[in-house]
Every structure is written in C-alpha cells, then in structure tokens.
Amino acid sequence: MGIVAVLMLPLLLLGISGLLFIYQEASRLWSKSAVQNKVVVITDAISGLGKECAQVFHAGGARLVLCGKNWEGLESLYATLTSVADPSKTFTPKLVLLDLSDISCVQDVAKEVLDCYGCVDILINNASVKVKGPAHKISLELDKKIMDANYFGPITFTKVLLPNMISRRTGQIVLINNIQAKFGIPFRTAYAASKHAVMGFFDCLRAEVEEYDVVVSTVSPTFIRSYHVYPEQRNWESSICKFFCRKPAYGVHPVEVAEEVMRTVRRKKQEVFMANPIPKAAVFIRTFFPEFFFAVVACGVKEKLNVPEEG
C-alpha cells in the first residue's frame, strides 16, 4: 500500500500541475476575448500603470485610445506597443493629447473619440495628481488643481461618454482609485478629499446605470510603487508582522494592478480593494471604532512632528 502511495504522488502532482496550466491558459484566452475588438480608452496612459494597462489590453486585441498630456511619451508608448505586437491580431492605437486638469478641453477630447469610433466600450479612468503637505500650507489654487485632475476631469470625461453607453445598453467604466478613498491620511488633505469625492460619484453612478447594463468598477490599491523600488533584502520571514508590512511600505507594482484591471473588466467586478490585511484592518477599525482610529492617527502625527503631549 505504501509503495502504491509513493508511486501515485508524482502522478497526482503532475495532474495538479496540468490542471493549473489549463486554468491559466483558459483565463488568458478568456481575458483576450473579453476585450477583443472593443474600444478601450485609457487616461494618463504614459504613467507606469497606464503603460502596463496599455500593454495588457493591446495584447488582448482591444482598439486602444491612449490619452496623455505629453506627446513624446505617447509616441514612445506607441512604438513600444507596435514593436512587440502581432499586427494581424492587434489594432493600431490612437494617440490623444489630454490633460484632465484642463476641464475646458476634456469634453472636446471625449467627443473626438466618439466621433472617431462611434462608441467607447471600456473607459479606464487612471489619471491622478498627488500632493503632500500640511493643510494650512497647501494653497487653495493647488487644492482646486487636485480636484480638477482627480475629480472634475474624470467625471467630465465620463459624462460625455455615458449617454452613448446608456443608449447602446452596454459599456464599462473603471476607476483606478486609492486606499485614501476609504480613510484619510494626514498631510494629504487635498488628495484624500479628491479620492473620497470621486469614489462617492462612481458609487452613486453604479446604481443609476445598472438598469442599462453599464458596469461601474473601482480598483483601489494601497498605492502604486515605482518600477525601480523593491523591498530591501532582509530576513522578513523572521517576523510575521514585518512580512505583512512589506506591501504597505513598498506598494503594489503597476503590473499587478494592470492584471487586476483586466480581471475586473473580464469578470465585471464592481469593487476591488488591493491591500494586505493591515490596510483592510484599518478600514474596519475606521468604520466600527472611529475614535480609536483617530487617536492612533493623531499619535502618529504628533510623533512625526515631535510635538509633546500636554501634561
């Protein structure tokens, strides 16, 4: 009996490996069929995440519209995509200059896209502007700029494309958001406010357009790290706590987020929160034990500013 079990073990492992391979290949083909021949608009396509999304959707056979505020960056991305793709299975991307903080031109660009293709199947709102500093030192002009880029720009673009999706009774809008839509972090008042606002808008919109079969999805990572930033080589495994702190410290890689965006489109998910247990626990504590959460955050600010407590 023991010999039979030993002989069966390699066969079992081989069978499991085969099933995993079949599942991965089926998922890859399913992902491609979900976006093949679909008109996909990606804002801020020249950012790290924008480039990765462009590569994933271009490989899937989407008709890409790549938006960015730097023409040289768009041309560089175009060259990268066309150099590695099979021309018989992919479409030539369309490049569009767009600065979402310039609200006056957003509507014109959205109308240009509709005039060119007649429809937009998937809109990926990716653009985001960040600022860090004490609230009293951030000018009102900068607050407005952040709100234009992170809130008014995306909703303006969406509002122009939305009637077409509703009339066709199909379409998907994906918002790339941030953990700060769930709770604010000190010294990021303008950024957190813009993320809360845009999350509220798309949460409401999701319910409004469900009857028209238009899907609204949000993907919220902790934060997206740079391509060139990697965790230091330490003995992390010696501490479970340190192991779980790796992702909050270094963020999520753009490739991971792009793959999750593709899965979100394929499965028509409504909300995705990309975080390890620590940020998820923070959201839970903020919801059910707000006073404790505020006290912990305030202590962190006092420690950072080196301000002694009274008494």
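Figure 1. Let's start with Gln 107, which is found in helix 4. (Helices here are DSSP runs of H or I with at least four residues, strands are runs of E with at least two, and both are numbered from the N terminus.) This is a predicted model, so local features need pLDDT of at least 70, side-chain atom pairs count only at pLDDT 80 or more, and totals for chains, interfaces and linings use all residues. Residues are numbered from 1 along each chain as its sequence is written, and side-chain values use heavy atoms, with hydrogens and water left out. (Buried means under 20% relative accessible area, exposed means over 50%, and partly exposed is in between, using a 1.4 Å probe and protein chains only.) Along the sequence, Gln 107 and Phe 157 are 50 residues apart, yet their C-alpha atoms are 6.2 Å apart in space. Setting aside neighbours within four places in sequence, Gln 107 is in contact with Thr 156 and Val 160. (Contact means heavy atoms within 4.5 Å.)

**Figure 2. The largest nonpolar core.** A nonpolar core is a set of buried Ala, Val, Leu, Ile, Met, Phe, Trp, Tyr and Cys residues joined through side-chain atoms within 4.5 Å. The largest one here has 31 residues, and Val 41, Val 120, Phe 157, Phe 202 and Leu 205 have the most contacts inside it. Which elements give two or more residues to this core? They are strand 1 (39-42), strand 2 (63-68), helix 4, helix 5, strand 5, helix 6 and strand 6. Helix 5 gives the most, with 7 residues. Zoom in on Val 120: beyond four places in sequence, its contacts include Val 39, Val 41, Leu 161 and Arg 168. Apart from this core lies another one, of 29 residues, among them Leu 81, Val 174, Ile 176 and Met 274.

**Figure 3. Helix 6 and what covers it.** Helix 6 covers residues 189-209, and its 21 residues should span 30 Å at 1.5 Å a residue; the end C-alpha atoms are 30 Å apart, which agrees. (The expected span is 1.5 Å times one less than the number of residues.) Buried residues of this helix include Ala 190, Tyr 191, Val 198, Phe 201, Phe 202 and Leu 205, but also Lys 195 and Arg 206. What covers the buried residues of helix 6? The cover includes strand 4 (122-125), helix 5 (140-168), strand 5 (171-176), strand 6 (214-221) and strand 7 (271-274).

**Figure 4. Helix 2 and the glycine after it.** Helix 2 (residues 48-59) has 12 residues and reaches 17 Å from its first C-alpha to its last, close to the 16 Å expected. Its buried residues are Leu 49, Gly 50, Glu 52, Cys 53, Ala 54, Phe 57 and His 58. After the helix comes Gly 61, with a positive phi near 90°.

Figure 5. A salt bridge is a side-chain nitrogen of Lys or Arg within 4 Å of a carboxyl oxygen of Asp or Glu. The structure holds 6 of them. Glu 260 lies in helix 8 and is buried, with a relative accessible area of 8%. Its side chain meets that of Arg 263 in a salt bridge (3.0 Å, N to O).

Figure 6. The side chains of Lys 94 and Glu 112 meet in a salt bridge (3.8 Å, N to O). Lys 94 lies in strand 3 (residues 94-97) and Glu 112 in helix 4 (residues 103-117), so the pair ties together parts that are 18 residues apart in sequence. Glu 112 is partly exposed, at 38%.

Figure 7. pLDDT is the predictor's confidence in each residue, from 0 to 100. Its mean over the protein is 84, and 80% of the residues reach 70 or more. Over residues 230-249, though, pLDDT stays under 50. Where pLDDT is low, the predicted coordinates should not be read in detail.
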